Amino acid sequence: MPADVSAPPEVICSGLGKTFADGTEAVRDIDLRFSAGQTTALVGPSGCGKSTLLRMIAGLEAPNAGRIEIGGAPPRATLDRAGLAVAFQDPSLLPWRSVRGNIALALGLARRRADPAEIDRLISLVGLEGFGDTRPAALSGGMRQRAAMARALVTKPGLLLLDEPFGAVDELTRRQLAQDLPKLWEARGTTTILVTHSVSEAVMLSDRVVVLSPRPARIVEEIAIPLPRPRSEDVVRTAAGAGLVDRVFGALARGVAEGMRPVSDRPTEGQPR
């Protein structure tokens, strides 16, 4: 199998639903299409089902209803051939391996040969030059997150799934990571799905924001982000950026309000909200 295994795929979720064994309904009737090469942010209240949706797309959770196709294949098949990669809020680096060793591990699991020069290039690109032989305990939180992102990107996945990847670091580091790391997946045109609690981060990083309701997650609104690239955090301070941030917040508030109404009073598909 060639090193650059995946062209960026389209992802299709049809009638997706998930109810856990304890009866908790996390996701209901999700119909979403993620265009190839597009970055989509999923936002919604805490506990609404964003991460469950992402884990189903990753093949780490099985839906109870509906189906998911990634480039025409089921998630598990895409995961097994290393066509997708996931980065979580917790970097989960192996403490006994160096930065270089943690990155190389992803290639080993994907049954691919590790190219030391390519690994060193990626270490440099994520801003960890000189730390390739350092173990995680000696790194700051932001540096560990950079290493985790390098590990996710080293297999050159066509689909990148990010669950609050900058959420475990301080605000200054978060801003820097959000500025630096997206350049790596944007340069390859990777299909990227990002779960975030930060509305400004969603607007800054994505081509589209999908606003979800309180649990069970349903789609409240899909908002295109037609801001020019490259972007910095200053984009949310422009009139256009601020307007989009306000629109996302408005959709979030509407979703919460609808979630508090009796089911019989909620608008159905095609009805005015």
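1. **Packing of α3 and α4.** Helix α3 (residues 99-109) packs on helix α4 (residues 116-125) at an angle of about 120°, and their axes are 10 Å apart. Helices here are DSSP runs of H or I with at least four residues, strands are E runs of at least two, and both are numbered from the N terminus. Axes are lines fitted to C-alpha atoms, for helices over the stretch in contact, and angles run from 0 to 180 degrees between N-to-C directions. α3 and α4 are therefore oblique to each other. Angles under 35 degrees count as roughly parallel, over 145 as roughly antiparallel, 65 to 115 as roughly perpendicular, and the rest as oblique.

2. **Basis of the model.** This is a predicted model, in which local features need pLDDT of at least 70 and side-chain atom pairs count only at pLDDT 80 or more, while totals for chains, interfaces and linings use all residues. Residues are numbered from 1 along each chain as its sequence is written, and side-chain values use heavy atoms, with hydrogens and water left out.

3. **Handedness and contact of α3 and α4.** The crossing of α3 and α4 is right-handed. That term applies if the near helix is turned clockwise from the far one by less than a right angle; anticlockwise is left-handed. From α3, the contact uses Val99, Arg100, Ile103, Ala104 and Leu107; from α4, Ile119, Asp120 and Ile123. Contact means heavy atoms within 4.5 Å. Of the residues in the contact of α3 with α4, six are nonpolar, two are charged and none is polar. Nonpolar covers Ala, Val, Leu, Ile, Met, Phe, Trp, Tyr, Cys and Pro; charged covers Asp, Glu, Lys and Arg; the others, Gly among them, are polar.

4. **Buried side of α3.** Val99, Gly101, Asn102, Ile103, Ala106 and Leu107 of α3 are buried. Buried means under 20% relative accessible area, exposed over 50%, and partly exposed in between (1.4 Å probe, protein chains only). The cover over these α3 residues includes α4 and α5 (141-153). Just after α3, Arg111 has a positive phi of about 60°.

5. **Salt bridges: count and the α4 pair.** The count comes to 16 salt bridges. Each is a side-chain nitrogen of Lys or Arg within 4 Å of a carboxyl oxygen of Asp or Glu. Within helix α4, Glu118 and Arg121 lie three residues apart, about one turn of the helix. They form a salt bridge, with the closest N and O atoms 3.0 Å apart. Glu118 is partly exposed at 24% relative accessible area. Arg121 is partly exposed at 43%.

6. Arg254 and Glu221 meet in a salt bridge through their side chains (3.0 Å, N to O). Arg254 lies in helix α9 (residues 239-259) and Glu221 in strand β9 (residues 219-224), so the pair ties together parts 33 residues apart in sequence. Arg254 is partly exposed at 27% relative accessibility, whereas Glu221 is buried at 17%.

7. **Other charged groups.** Arg237 pairs with Asp234 in a salt bridge, the closest N and O atoms being 2.4 Å apart. Arg237 is exposed at 55% relative accessibility, and Asp234 is partly exposed at 44%. Lys18, Arg55 and Glu61 are linked in a network of salt bridges.

8. **Thr190.** Thr190 sits in the loop between α7 (182-188) and β7 (191-195). At 3% relative accessibility, Thr190 is buried. Leaving aside neighbours within four places in sequence, Thr190 contacts Pro8, Gly37, Gln38, Pro157, Gly158, Leu159, Leu160 and Trp185.
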